[in-house]
Amino acid sequence: MHKAPRTIRAVLTPLAYIASRWTPSPRTVRRAAFAALVMSVAIVVTGGAVRLTGSGLGCDTWPKCTDDSLVATPAQGLHGAIEFTNRMLTYVLCSAVGWGIIAARSAKPWRHSLTRLGWVQFAIVMGNAVLGGITVMTGLNPYSVAGHFLLATSLITVTVVTWHRTGEGDTAPRPRVPGPVRKLSWALLATTVVLIAAGTVVTGSGPHAGDRSEIKRMPLDWATTAHVHAISAWLVCALAVAMWLVLRVVDAPDDTRARARDLLVVLAAQGGIGYVQYFTDLPEVLVGVHMLGSCLVWICVLRVALSLRERPVDRAGIPAQSDPQLTAL
C-alpha cells in the first residue's frame with residue numbers, strides 16, 4: 001500500500017529520495033562545497049589558458065565544436081583540443097556543483113539556505129556556458145569575454161559564501177567587530193570589484209586576444225587602462241593594510257586577523273607578478289598566474305568580510321549513517 005506513493009514521490013523529487021536514504025556528515029557537506037569552489041577557480045584558470053594559447057576559436061561554433069562534429073577533430077589541431085578540453089571541464093564543474101546540492105539537501109537537518117546557494121551556483125554555470133557560446137559565435141568579442149570572466153567571478157563569490165556557510169548555523173548574523181570596521185570591509189569589497197573589472201578592460205584592450213587571427217579589441221589605450229588598474233590595486237592594498245591594523249586595534253578574533261594577514265600576502269604576490277608582467281611585455285605564463293592571483297585575491301577579500309560576523313549553530317546536526325554514534329544506536 002505504501003510502496004506506490006513512495007515510488008511516485010521518488011520520481012517527482014529525486015533529491016528527496018536520495019535524502020531519505022543518505023545522510024552525509026557535516027564534513028562531507030563542507031568538502032562538497034569546497035570542491036565547487038576549487039572547480040570554479042580551475043575553470044577560470046583553464047579558460048585563461050585557452051585565451052593565452054590562442055585557442056579561443058579552436059572550436060568553430062557552439063555548442064558543437066564544428067558544424068558536423070560535437071568533439072574536436074584532427075583538422076583543428078592542438079587549439080581545438082585545448083578549447084574542447086576546457087568545454088568538457090564545465091561538466092566537471094557541474095558535477096561538483098551537483099554534488100554540493102545533493103549533499104546540502106541530504107544533510108540532517110536540511111539547511112534550505114545551502115540548497116538555495118547550490119542552485120544559484122548551477123544557474124550561474126548555465127548562464128556562463130551560454131555566454132561562452134555567444135563569445136565564440138561573436139568571434140571573441142572583448143566585451144563578451146569580459147562578461148564571461150566577471151560571471152565566473154560571481155560563481156567564485158557564491159561558492160566562497162556557500163563554503164563559509166557550511167561551517168556556521170542558520171541563525172541571524174551577529175557582528176564580531178565594531179560597525180566602522182564592517183564599513184571598511186565594504187569599501188575593501190567595492191574597491192576590489194573595481195580592480196577586477198579594470199583588469200578585464202586591460203585584458204580586453206591588450207595583446208592577448210585569445211586567437212592568432214585579428215580579433216577586435218576594446219578601443220582604449222592599453223597603457224592608460226593598465227595604469228588605472230594599478231591605481232585600483234594600490235587602493236586595495238591601502239585598504240587591506242588599514243583593515244589589518246584596525247583589526248589589531250579592536251582586538252578582533254584571531255581567525256579574522258589571520259585572514260587579513262593572508263590577504264596582504266596574496267596582494268603582495270599578485271602585485272609583484274603584475275608589475276613583472278607589465279615590464280616584460282606580458283608573457284603568457286605570468287598572465288595566467290596573474291589570473292589565478294585575481295581569483296585568490298577576491299577569495300581572500302570575501303573571507304575577511306565573512307569573518308567579521310558569525311552565525312552560531314542553533315542545534316546539533318543528526319549524525320551521518322556511517323558515524324559510530326548512529327551505529328551504536
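1. Which residues form a nonpolar patch on the surface? In this predicted model, the patch consists of V45, L292 and L296, which together have about 190 Å² of accessible area. L296 belongs to helix α10, residues 284-306. With a relative accessibility of 36%, L296 is classed as partly exposed, because that class lies between the limits of 20% and 50%.

2. The largest nonpolar core has 51 residues, and the members that touch the most others are V44, I156, L247 and L263. At least two core residues come from each of α3 (26-52), α4 (77-106), α5, α6 (142-165), α7 (179-205), α8 (222-249), α9 (254-279) and α10. The greatest contribution is that of α10, with 11 residues. A separate core of 6 residues includes A32, A103, A107 and L114.

3. Setting aside neighbours within four places in sequence, V44 is in contact with F149, A152, I156, M291 and C295.

4. After α5 comes G139, which has a positive phi near 70°.

5. Residues up to four places away in sequence not being counted, E83 touches V50, S55, G56, G58, C59 and V136.

6. One runs from W62 to P63, with omega near 5°, and P63 is placed in the loop between α3 and α4. Another runs from K108 to P109, with omega near 0°; P109 is in the loop between α4 and α5. As background, most peptide bonds are trans.

7. L140, in the loop between α5 and α6, has a phi of about 60°. D251, in the loop between α8 and α9, has a phi of about 55°. For comparison, most residues other than glycine have a negative phi. As to accessibility, L140 counts as buried at 6%, whereas D251 counts as exposed at 59%.

Terms used:
Residues are numbered from 1 along each chain as its sequence is written. This is a predicted model: local features need pLDDT of at least 70, side-chain atom pairs count only at pLDDT 80 or more; totals for chains, interfaces and linings use all residues. Side-chain values use heavy atoms; hydrogens and water are left out. Patches are made of residues with over 30% relative accessible area and no salt bridge: like charges are joined within 9 Å, nonpolar side chains (Val, Leu, Ile, Met, Phe, Trp, Tyr) within 5 Å. Accessible areas come from the Shrake-Rupley method with a 1.4 Å probe; for residues, only the protein chains shown count as cover. A salt bridge is a side-chain nitrogen of Lys or Arg within 4 Å of a carboxyl oxygen of Asp or Glu. Helices (H or I, at least four residues) and strands (E, at least two) are DSSP runs, numbered from the N terminus. Buried means under 20% relative accessible area, exposed over 50%, partly exposed in between (1.4 Å probe, protein chains only). A nonpolar core is a set of buried Ala, Val, Leu, Ile, Met, Phe, Trp, Tyr and Cys residues joined through side-chain atoms within 4.5 Å. Contact means heavy atoms within 4.5 Å.
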